[in-house]
Amino acid sequence: MVADFLQLDGKRVLVFGVANRKSVAWHTSRVLVEAGAEIVYVVRNDELRDQVRPLVGGADVLVCDVEHEDQIERLSAELSARFERFDGLVHSIAFADYEEGARPFHETPKQAFLRAMDVSCYSLVAISNALKDLLASDASVVTISISTTRMAAENYGYMAPVKAALDSSLAFLAKSFSRFSQVRFNAVAPGLLKTSASAGIPGYVDSYLYAERATLRKRAVRTEEVAAAAAFLLSPRSSASTPSGSSWTPG
């Protein structure tokens, strides 16, 4: 029934960002596989590829560090040589350096901010451009954002402005791609999640527990719920979802 509704059977989707079983990208890929889609995974380095391979069976796992343009170009060439097209792309990539703990926003180091912008935002632009000829004319591109970029959470620091740039980029990508295709660009913008990446954010557990108390249903959004929203946006059922790029906010 799910496969019939989503119409994903036989579709091919490129998934960036799986690190382990807690990853949003991992949960999303599981929903897609259950719906009959073929998944090609892209991870940051060889070490992650070795970690991810046992999780995905015989699926292809390729390597691309999106901080390096030459690696994006190499990935594009490798995919072009092996696959005719992709019907969807999942961008679940983000990075911020919290090793020195939370700082007031005005003390954000320039290099840390620029690197977070490169990995977490510009990578979507770079990947979309490099792979545009591989995307079906009605493909769907989905990125993972955050529930709000208008509230200043001290412990999240500069990532909210970075995610705001990511959200804005969706509209510009949708507009730019509309010149030659009907590719859809959307974000799923969940509340706080239990992921390995979130564990590195200072004070995250306290924020997570507060979010559970503050929500109407008294529990935080689950990663599998975010994955279900992403799978819908990747499916042909969401064909009217993005005239100019949009975000869905489960929570």
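This is a predicted model: local features need pLDDT of at least 70, side-chain atom pairs count only at pLDDT 80 or more; totals for chains, interfaces and linings use all residues.
View 1. Asn 45 belongs to the loop that runs between strand E2 (38-43) and H3.

**View 2. Leu 48 in helix H3.** Helix H3 covers residues 46-56, and Leu 48 is part of it. Setting aside residues up to four places away in sequence, Leu 48 touches Ala 19 and Val 43. Leu 48 and Asn 20 are 28 residues apart along the chain. Their C-alpha atoms are separated by 8.7 Å.

**View 3. Gln 71 and the backbone of Asp 65.** Gln 71 lies in helix H4, which spans residues 69-82. A polar atom of the Gln 71 side chain is 2.7 Å from the backbone nitrogen of Asp 65. Beyond residues up to four places away in sequence, Gln 71 touches Cys 64 and Asp 65. Is Gln 71 buried or exposed? Its relative accessible area is 18%. The cut-off for buried is under 20%, so Gln 71 counts as buried.

**View 4. Gln 7, a residue with positive phi.** Most residues other than glycine have a negative phi. Gln 7 has a phi near 55 degrees, a positive value in a residue that is not glycine. Its place is the loop between helix H1 (2-6) and strand E1 (12-16). Gln 7 is partly exposed, with a relative accessible area of 38%.

**View 5. His 91 and its contacts.** Strand E4 takes in residues 86-91, and His 91 lies in this strand. His 91 is buried, at 0% relative accessible area. Which residues does His 91 contact, leaving aside its neighbours within four places in sequence? They are Phe 16, Val 119, Ser 120, Ser 123, Leu 124, Ile 127, Val 142, Thr 143, Ile 144 and Leu 166. His 91 and Ile 127 are 36 residues apart in sequence. From C-alpha to C-alpha they are 8.9 Å apart in space.

**View 6. Ser 128 in helix H5.** Ser 128 is a residue of helix H5. Its relative accessibility is 0%, so Ser 128 counts as buried. A polar atom of its side chain lies 2.7 Å from the backbone oxygen of Leu 124. Not counting residues up to four places away in sequence, Ser 128 touches Leu 173, Phe 177 and Phe 185.

**View 7. Packing of helices H5 and H6.** The axes of helix H5 (residues 110-130) and helix H6 (residues 159-177) come within 10 Å and cross at roughly 15 degrees. The angle falls under 35 degrees, which means that H5 is roughly parallel to H6. The crossing is right-handed. On the H5 side, the residues that meet H6 are Phe 113, Ala 116, Met 117, Ser 120, Cys 121, Leu 124, Val 125 and Ser 128. Their partners in H6 are Met 159, Pro 161, Val 162, Ala 165, Leu 166, Ser 169, Leu 170, Leu 173 and Phe 177.

**View 8. Packing of helices H2 and H8.** Helix H2 (residues 24-34) packs with helix H8 (residues 223-234) at an angle of about 55 degrees, and their axes are 8 Å apart. H2 passes H8 in a right-handed crossing. H2 contributes Val 24, His 27, Thr 28, Val 31 and Leu 32. These meet Thr 223, Glu 224, Val 226, Ala 227, Ala 228, Ala 230, Ala 231 and Leu 234 in H8.

**View 9. The whole chain, for context.** The chain has 8 helices and 7 strands. Of its 251 residues, 46% are buried. Its accessible surface comes to about 12,700 Å². Carbon and sulfur atoms account for 52% of that surface. Among contacts between residues at least 6 apart in sequence, 75% join residues at least 24 apart.

Key
Residues are numbered from 1 along each chain as its sequence is written. Side-chain values use heavy atoms; hydrogens and water are left out. Helices (H or I, at least four residues) and strands (E, at least two) are DSSP runs, numbered from the N terminus. Buried means under 20% relative accessible area, exposed over 50%, partly exposed in between (1.4 Å probe, protein chains only). A polar contact is a pair of N or O atoms within 3.5 Å; within protein, one must be able to donate a hydrogen and the other to accept it, and residues adjacent in sequence count only if both atoms are side-chain atoms. Contact means heavy atoms within 4.5 Å. Accessible areas come from the Shrake-Rupley method with a 1.4 Å probe; for residues, only the protein chains shown count as cover. Axes are lines fitted to C-alpha atoms, for helices over the stretch in contact, and angles run from 0 to 180 degrees between N-to-C directions. A crossing is left-handed if the near helix is turned anticlockwise from the far one by less than a right angle, and right-handed if clockwise. Angles under 35 degrees count as roughly parallel, over 145 as roughly antiparallel, 65 to 115 as roughly perpendicular and the rest as oblique.
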